[in-house]
Amino acid sequence: STLTFGNNITYIGNNAFGHLPISSLYLPDGVTVGAGAFGNCSQIETLNVAVSTINTTDFGTKNVKTLGLREGVQTIADGTFSDATGLTSVSLPNSLRTIGNYAFANTNFPNANLSGVTSIGQGAFSGNAALKEAIMSNDLETLGAEAFYNCTSLETVALGKTIQSIG
């Protein structure tokens, strides 16, 4: 089932839609999501949101195939999309600043445009065998250990000039 909210919604409370068979979720800009609001919604395949922080406890993220994060998203928490092996399409906004440890570990999307990101955590993209290209912004300061470990198809990594720490 598809769950789409209108532009007037500003808040979705704790555990409001947890454990529901939602396959597609669209949230308009400016919505605050309570803890576990869509937690354990393990059938979500399409996620299109603009909340400031994305984490696995607020959204069922393991079966996501198409990810559209819009402007306003600033942080992807540790392990959020880890082991979402069906994740093949990712769109990240310029507002994104932090990608947590193992956030996209063991996923399968081919390109990562990381313009605006200042910190990439340990193992953030590790095990993504489909990843061919990772373009980082000149704002990148920290690249965690094993960030691209076992990305066997990786052909291009472009690091910015302001990087201060690798590993």
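## Parallel strand pairing

N48 has G68 in β7 as its bridge partner. This model is predicted. The two strands involved, β5 (residues 46–49) and β7 (residues 66–69), are paired in the parallel sense over 4 bridges.

β7 also runs parallel to strand β9 (residues 89–91), to which 3 bridges join it. Here T66 is partnered with S89 in β9.

## The six-stranded open sheet

An open sheet of 6 strands is ordered β6-β8-β10-β12-β14-β16, with parallel pairing. Its edge strands are β6 (53–54) and β16 (165–166), each of which pairs on one side only.

Within this order, strand β8 (residues 75–76) and strand β10 (residues 98–99) run parallel and are joined by 2 bridges. The bridge partner of T75 in β10 is T98.

## Salt bridges

Side chains of opposite charge can pair when their charged atoms come close. The structure holds 2 salt bridges.

D29 is in the loop between β3 (24–26) and β4 (32–33) and R70 is in the loop between β7 and β8, so the pair ties together parts 41 residues apart in sequence. D29 counts as exposed because its relative accessibility is 51%, whereas R70, at 18%, counts as buried.

The side chains of E45 and K65 also meet in a salt bridge, at 3.6 Å from N to O. E45 lies in the loop between β4 and β5, and K65 in the loop between β6 and β7, so this pair ties together parts that are 20 residues apart in sequence. E45 is partly exposed, with a relative accessible area of 35%; K65 is partly exposed at 39%.

How values were computed. Residues numbered from 1 in each chain as written. Predicted model: local features only at pLDDT ≥ 70, side-chain atom pairs only at ≥ 80, totals over all residues. Heavy atoms only, no water. Pairing = 2+ DSSP bridges. Salt bridge = Lys/Arg side-chain N within 4 Å of Asp/Glu carboxyl O. Buried < 20%, exposed > 50% of the residue type's maximum accessible area, 1.4 Å probe, protein only.
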